[in-house]
Amino acid sequence: MAIQPPGGTAGGINDLYQDILVEHYKRPRHHQLLPDPELKSEGFNPFCGDRVVFTARLDGAGRISGVGFTGQGCAISQASASMMTDVLQGLTLDEVRGVVGRFRAMMQGKVLSEQEKEALKDLVVLEGVKQFPVRIKCALLAWSALQDALAEYSKSRNKLETST
Amino acid sequence: MFDPKLIRKDFPILSRKVNGSPLVYLDNAATSQKPRQVIQALVECYEQYNSNVHRGVHTMSMEATDRYEAARQKVADLIHAPSVEGVIFVRNTTEAINLVANTWATQNLGPGDEMVVTEMEHHSNLVPWQKVTAQAGATLRFLPVTPEGTLDLTSLDTVINERTKLVSVVHISNFLGTINPVNEICRRAHQVGARFMVDGAQSVPHMPVDVTDMDCDFLAFSGHKMMAPPGIGVLYAKPSVLEGMEPFLRGGDMVREVWYDHATWNDLPMRFEAGTPNFADAIALGVAVDYLQALGMDNVRQHEIEIGSYALQALGEMEEVTIVGPTEARLRGGLAAFTTDVHPHDLGTFLDQEGIAIRTGHHCVMPMHNKLGLAATARASFYVYNTNDEMDTLVRGLKKALAYFGSHALKP
């Protein structure tokens with residue numbers, strides 16, 4: 001039973017805090033860091049102190065075989081991290097880059113195709129954050145960490161290749 | 001005593017609506033709203049006598065100069081400075097502190113020396129000193145804060161010792177609300193021959209501050225937190241101390257005579273105001289000071305004790321709310337930082353939908369948040385135009401927010 005939304009922009013706050021988002025915040029998925037991860041990075045938002053630490057492991061075929069995160073922060077930053085971990089399983093790193101691009105595009109206001117939306121799963125509820133521009137950074141925190149992890153991984157691979 | 005409901009009529013912005021509800025502005029520790037008189041002073045300056053100060057012989061330049069210097073006198077009177085020589089216009093508190101860091105501190109700190117701040121400093125009274133002490137090979141030491149949020153003065157005589165050259169302390173914490181015993185700390189600093197600086201960003205706008213009685217060597221504060229525009233602030237310094245200081249910025253207006261290879265310095269306070277100053281906003285600051293003086297700084301303080309008590313009690317009655325800092329309104333400035341089960345940012349967004357503006361985050365006091373094990377807090381801060389009715393609105397909004405997020409079963 002929904003409580004009366006506040007203020008004159010009725011619905012606005014409910015667009016932001018959709019049930020699926022709050023559910024992820026309350027029961028985050030993959031909420032544990034993995035040992036010896038190939039991908040690891042930390043996202044920190046100095047504006048609010050929110051933090052997300054992200055880890056992932058790759059299998060022999062270069063696909064993501066496991067993900068885990070921890071962190072602290074507002075409902076949006078933590079739920080976004082949780083939803084993100086839900087979509088990464090089994091993807092190649094190029095596919096991961098594709099997901100990152102689509103998610104960022106959605107947050108920047110691009111209208112996604114039905115197919116693109118499907119691939120983002122629960123993450124589509126974060127589209128409601130667009131109405132609250134100051135909170136977009138919260139939704140992107142985990143994604144920045146993920147991108148850093150990807151960049152770091154590529155860099156170390158390149159180094160390895162040039163040294164051998 | 002003044003009536004905040006009447007004062008509100010002087011502040012045009014307070015009659016606006018935000019997201020369909022009347023604005024309840026409780027972010028005064030970040031910046032204050034401006035009365036019509038201050039806004040009018042800016043319009044008057046630009047419409048009637050805008051001219052560069054200290055330069056022209058023409059009528060308008062003299063008018064602008066007179067008003068600029070009159071504003072300086074008003075500021076001197078407000079803080080009970082013995083003369084205008086020690087009143088330097090800067091951009092804000094941060095610039096005032098950086099001025100002292102880049103002049104007095106770099107000239108006087110050396111290897112083995114110590115400088116002291118408190119654990120509750122705003123980043124602006126911490127980060128400049130980190131650099132200066134590191135460069136000098138000096139040590140930055142901290143007066144500790146008790147779990148109740150007050151300074152632990154049992155270590156005053158050991159932390160401030162014969163090696164201490166400079167002590168810089170926040171007068172009222174913008175996070176804990178604590179009013180620090182600056183007179184006592186100043187006495188100790190002078191006892192060991194150290195200079196004493198006060199960060200008055202949250203005190204000068206809200207209570208009587210008397211630099212002569214306190215005997216501080218430096219006081220920094222910002223205009224925008226006391227009804228003036230942003231971009232104008234003040235460094236007060238004892239003229240005798242300023243005399244021994246190298247200029248901070250060099251250029252026009254701060255010189256007496258200039259040759260190709262050297263220059264001599266202007267008198268105080270101009271020596272520390274290089275380039276065209278922000279005279280329009282300084283003049284507006286003078287008008288803001290007039291406004292505050294007409295209310296009476298004792299009354300301003302009294303109002304904030306009253307509204308602070310009301311807020312502390314109303315928030316304290318809410319089981320879900322934990323207030324940070326001293327529990328008694330007399331021991332704190334007009335602000336209250338608090339935590340609930342709901343993350344401050346989620347709370348802030350919800351309250352904003354109700355027209356209530358509060359601050360959320362670490363309020364530029366990250367180390368103290370870390371020490372208390374907090375990543376972020378919500379903060380309501382008050383000024384002369386806030387009413388008890390607005391505190392009721394805040395409490396209603398908080399209850400609604402907690403019910404809303406509770407309905408999502410956020411709490412375990």
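In which crossing, left-handed or right-handed, does α4(B) pass α5(B)? The tour below answers this at its first stop.

This is a predicted model, in which local features need pLDDT of at least 70 and side-chain atom pairs count only at pLDDT 80 or more, while totals for chains, interfaces and linings use all residues. Residues are numbered from 1 along each chain as its sequence is written, and chains are lettered from A and ligands numbered from 1 in the order in which they are written.

**First stop: α4 and α5 of chain B**

Select residues 93–108 of chain B, helix α4, together with residues 127–136, helix α5. Helices are DSSP runs of H or I with at least four residues, numbered from the N terminus. The two pack at an angle of about 15 degrees, and their axes are 9 Å apart; axes are lines fitted to C-alpha atoms over the stretch in contact, and angles run from 0 to 180 degrees between N-to-C directions. α4(B) and α5(B) are therefore roughly parallel, the term for angles under 35 degrees. The crossing of α4(B) past α5(B) is right-handed, that is, the near helix is turned clockwise from the far one by less than a right angle. On α4(B), the contact is made by B:Ile97, B:Asn98, B:Ala101, B:Ala105 and B:Thr106; on α5(B), by B:Pro128, B:Trp129 and B:Val132. Residues are in contact if their C-beta atoms, placed from the backbone, lie within 7 Å.

**Second stop: α2 of chain B**

Move to residues 36–49 of chain B, helix α2. Its buried residues are B:Val38, B:Ala41 and B:Cys45, where buried denotes 20 or more other C-beta atoms within 10 Å of the residue's own. What covers them includes α10 (279–295) of chain B.

Select helix α4 (residues 93–107) and helix α6 (residues 136–163) of chain A, which pack at an angle of about 160 degrees with axes 11 Å apart. α4(A) and α6(A) are therefore roughly antiparallel, the term for angles over 145 degrees. The crossing of α4(A) past α6(A) is left-handed, with the near helix turned anticlockwise from the far one by less than a right angle.

**Last stop: A:Phe103**

Finally, select A:Phe103, in helix α4 of chain A. A:Phe103 is buried, with 26 other C-beta atoms within 10 Å. Leaving aside neighbours within four places in sequence, A:Phe103 is in contact with A:Leu120, A:Leu123 and A:Trp143. A:Ala119 is 16 residues from A:Phe103 in sequence and 10.0 Å from it in space, C-alpha to C-alpha.

How values were computed
Parallel < 35°, antiparallel > 145°, perpendicular 65-115°, else oblique. Expected span 1.5 Å × (residues − 1). Buried ≥ 20, exposed ≤ 12 C-beta atoms within 10 Å, placed from the backbone. Contact = placed C-beta atoms within 7 Å.
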